[in-house]
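These are my notebook entries on one chain.

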Amino acid sequence: MSKPLIVANWKMNGSLEGLKDFFEKLDLCEYAEAVVLPPAVYIRDCISAIGNRAIAVGIQNIWTEDAGAFTGEISASMLKALNIQYVIIGHSERRQYMYENDKQVNDKIHLALKAELIPIICIGETLKERENGQTDLVLKEQLNSAFENINLDNQKNIIVAYEPVWAIGTGLTAEKNKILDAHSLIKETLETIYNFNIPILYGGSVNADNAASLINIENVDGFLVGGASLKSESFCQIVKNITKNFERS
Ligand code: 13P
């Protein structure tokens, strides 16, 4: 990936009024790819508000089947028909509050790829797991089960996001050495399965102040941003700050 990828995960935030304001004030630059993941109910409004601005749209979740009696759920194939490009799979908030498990994560990846969506697969350890020295084990297990029987011969568009659970929404951005170690481990693990490069994003309290230094950590190819992506000004500032610093080709 030659440009950093900056993904705005709005989670369950925002309003119709707010999104108009967000896109009116959007001021991006060509040195980064930007993606916005609004709540599903706002997807179509986002697409029309974006017009021809250079920002892609994705969704925060899909279901594990393509159609059927699954009240309240949305399938990958429905989204493809709306020109949605990205989908987050396995965010820690879904693992924690909706009890999403590794098997479901794997099923969702299969369906996303089948619908030609680009999955952003989230992995990350809890504070307890880190304190118990289990970070590497947890990351490897999450990766290996997520990618079980995932054939990427035809569709190489897939992304992993390392989001330490304890850094999400807490203001406690992971220290550089922890991000470096985790991203190296993820890269090495993926290299044992696939013979091409899979981009790795970092997520967890990224903001306009820390983005420029975080982007220079080896194997950090972009960010998954929560709180600081809700306002156009702070989101655009992240994009601008990192593009000044992104040195890889
Ligand atoms: P924050 O940027 O609010 O810590 O959220 C990160 C996240 O969960 C993005 O998916």
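**Entry 1**

I began with Ser-145, which is in contact with Asp-102 and Asn-106 once its neighbours within four places in sequence are left aside; contact means heavy atoms within 4.5 Å. I note that this is a predicted model, in which local features need pLDDT of at least 70 and side-chain atom pairs count only at pLDDT 80 or more, while totals for chains, interfaces and linings use all residues. Residues are numbered from 1 along each chain as its sequence is written, and side-chain values use heavy atoms, with hydrogens and water left out.

I located Ser-145 in helix H7, residues 135-146. Helices (H or I, at least four residues) and strands (E, at least two) are DSSP runs, numbered from the N terminus. Ser-145 counts as buried, at 18% relative accessibility. For this term I use under 20% relative accessible area as buried, over 50% as exposed and the range in between as partly exposed, with a 1.4 Å probe and protein chains only.

The axes of H5 and H7 come within 8 Å and cross at roughly 45°. H5 is therefore oblique to H7. Angles under 35 degrees count as roughly parallel, over 145 as roughly antiparallel, 65 to 115 as roughly perpendicular and the rest as oblique. The axes are lines fitted to C-alpha atoms, for helices over the stretch in contact, and the angles run from 0 to 180 degrees between N-to-C directions.

On the H5 side I listed Asp-102, Val-105, Asn-106 and Ile-109, and on the H7 side Gln-142, Ser-145 and Ala-146. By class, the contact of H5 with H7 holds three nonpolar, three polar and one charged residues. The classes are Ala, Val, Leu, Ile, Met, Phe, Trp, Tyr, Cys and Pro as nonpolar, Asp, Glu, Lys and Arg as charged, and the others, Gly among them, as polar.

**Entry 1. H7 with H8**

I followed H7 to helix H8, residues 176-191, and found the two packed at an angle of about 40° with their axes 10 Å apart. H7 contributes Asp-136, Leu-139, Lys-140, Leu-143 and Asn-144, and H8 contributes Ala-182, Leu-185, Ile-186, Thr-189 and Leu-190. I sorted the residues of this contact into six nonpolar, two polar and two charged.

**Entry 2. H1 with H2**

How do helices H1 and H2 pack, and at what angle? I read an angle of about 25° between H1 (residues 16-24) and H2 (residues 43-50), with the axes 10 Å apart. H1 is therefore roughly parallel to H2. Their crossing is right-handed. Leu-16, Leu-19 and Phe-23 of H1 meet Asp-45, Cys-46, Ala-49 and Ile-50 of H2. This contact has six nonpolar, no polar and one charged residues.

**Entry 3. The loop between S3 and H3**

I placed Ser-75 in the loop between strand S3 (56-59) and helix H3 (76-80). Is Ser-75 buried or exposed? Ser-75 is buried, with a relative accessible area of 3%. Its side chain makes a polar contact of 3.2 Å with that of Ser-77. A polar contact is a pair of N or O atoms within 3.5 Å; within protein, one must be able to donate a hydrogen and the other to accept it, and residues adjacent in sequence count only if both atoms are side-chain atoms. Not counting residues up to four places away in sequence, Ser-75 touches Ile-62, Glu-65 and Asp-66.

I found Ala-69 in the loop between S3 and H3, and Ala-69 counts as exposed at 77% relative accessibility.

Lys-156 lies in the loop between H7 and strand S6 (159-162) and is partly exposed, at 42%. A polar atom of its side chain lies 3.0 Å from the backbone oxygen of Asp-153, and one lies 3.4 Å from that of Leu-152.

I also recorded two non-glycine residues with positive phi: Lys-11 at about 50° and Glu-116 at about 60°. Lys-11 is in the loop between strand S1 (5-9) and H1 and is partly exposed at 21%.

Note on methods:
Left-handed = near helix turned anticlockwise from the far one by under 90°.
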